[in-house]
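Keep the viewer open, and turn to each part as it comes up.

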Amino acid sequence: MAILDHGKTKRVRAQGKLKALEDKLATEKFDGHIGIGHTRWATHGKPSERNAHPHQVRGISLVHNGIIENYLDIREELKAQGADITSDTDSELVAHLIANEVEVTKDLFKAVQNVLEKIRGAFSILVMWEQEPDRLVAFKDGPPLVVGLGSKEIFVASDVQALIQYTKNFVYLEDREVASIKGADVQFFSANGFPIQKKVVELNWNPEMVEKQGYAHFMLKEIYEQPRAVAAAIEPHVNPETFSVALKNVGFGGQSVQRLEELDAKADWAKNPGSFQEY
């Protein structure tokens, strides 16, 4: 994790379980009110502290979920420029790109806009800069990224389960959209930098919906939930009386996931060439 402390970003990383990070943080103190953190799967580079997030490059701190497909080209370009690359990850390369851009733009949001054109792949990224100590910028293409709207704070996470104990109001980012967070305010922009209005989704989930419900860990809980999850996924589409299947709210017209519930199910199904299937 990385948190601003006396104008500088203090980074604390650990290999292994979160308990190892908790132990390191037990004696740490911070005076900042902005920070980022991430648990990393080993996509590029072995699991180690040097490959752990956040990555830092000249005042830029960054966390990344996903994979940068053109990372080899970026890495060679950066090495040719003399960049000091300290990990084996594709994530650090994005931090270098943003650090290069922010030295020119002097603006984190503009730097992100420029870098967004240079990276390909599946990614959700959250970045902060020491020279703008009250700003976070988030952007994505592929993996989910959600912004939680608190009363006096803004949260960003890959899933609402991480935030439901803090707020019920969420905004889901679409691919290549950017969220610029300054203090307790957030603005949303399209990939080409134009301001956009986003729908706020209210989720009235109770705590039991996001707890482990007695299982030792969430993965075990999800394994046992698979039969019920499959049945629940199939049930809306099957008519046992007519022995037919009609997929509902799929979005055959290319609608975004967040707008599927707004569709007319019959009209949407009619867009499918094989719109009636018997079993």
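## Helix 2 against helix 3

In helix 2, Tyr71, Ile74, Arg75 and Leu78 meet Leu93, His96, Leu97 and Asn100 of helix 3. Contact here means heavy atoms within 4.5 Å. Sorted by class, the contact of helix 2 with helix 3 has five nonpolar, two polar and one charged residues. The classes work like this: Ala, Val, Leu, Ile, Met, Phe, Trp, Tyr, Cys and Pro count as nonpolar, Asp, Glu, Lys and Arg as charged, and the others, Gly among them, as polar. Helices are DSSP runs of H or I with at least four residues, strands are runs of E with at least two, and both are numbered from the N terminus.

Two packed helices are described by the angle between their axes and the distance between the axes. The axes of helix 2 (residues 71-80) and helix 3 come within 10 Å and cross at roughly 50°. That angle makes helix 2 oblique to helix 3, and their crossing is left-handed. Axes are lines fitted to C-alpha atoms, for helices over the stretch in contact, and angles run from 0 to 180 degrees between N-to-C directions. Angles under 35 degrees count as roughly parallel, over 145 as roughly antiparallel, 65 to 115 as roughly perpendicular and the rest as oblique. A crossing is left-handed if the near helix is turned anticlockwise from the far one by less than a right angle, and right-handed if clockwise.

## About the model

This is a predicted model, in which local features need pLDDT of at least 70 and side-chain atom pairs count only at pLDDT 80 or more, while totals for chains, interfaces and linings use all residues. Residues are numbered from 1 along each chain as its sequence is written, and side-chain values use heavy atoms, with hydrogens and water left out.

The secondary structure of the chain comes to six helices and 17 strands. Of the 279 residues in the chain, 38% are buried. Buried means under 20% relative accessible area, exposed over 50%, and partly exposed in between (1.4 Å probe, protein chains only). Among contacts between residues at least 6 apart in sequence, 55% join residues at least 24 apart.

## Helix 3 against helix 4

Which residues of helix 3 meet helix 4? They are Val94, Leu97, Ile98, Glu101, Val102 and Thr105, and their partners in helix 4 are Leu108, Lys110, Ala111, Val112, Asn114 and Val115. By class, the contact of helix 3 with helix 4 has eight nonpolar, two polar and two charged residues. The two helices pack at an angle of about 125°, with their axes 8 Å apart. Helix 3 and helix 4 are therefore oblique to each other, and helix 3 passes helix 4 in a right-handed crossing.

Between these helices, look for lysine 106, in the loop from helix 3 (91-105) to helix 4 (108-116). Lysine 106 is exposed, with a relative accessible area of 57%. Its phi is near 60°, a positive value in a residue other than glycine.

## Inside helix 4

Is helix 4 largely enclosed or open? Seven of its nine residues are buried, so helix 4 is largely enclosed by the rest of the structure. Those buried residues are Leu108, Phe109, Ala111, Val112, Gln113, Val115 and Leu116. They pack against helix 3 and several strands, including strand 5 (60-68), strand 6 (121-129) and strand 7 (132-141).

Asparagine 114, also in helix 4, is partly exposed, with a relative accessible area of 29%. Not counting residues up to four places away in sequence, asparagine 114 touches Glu101 and Thr105.

Arginine 13 sits in the loop between strand 2 (8-11) and helix 1 (18-25). Arginine 13 is buried, with a relative accessible area of 13%. Leaving out residues up to four places away in sequence, arginine 13 touches several residues, among them Leu21, Glu49, His53 and Pro54.

Proline 54 lies in the loop between strand 3 (35-36) and strand 4 (55-57). The peptide bond from histidine 53 to proline 54 is cis, with omega near -5°. Most residues other than glycine have a negative phi, and most peptide bonds are trans.
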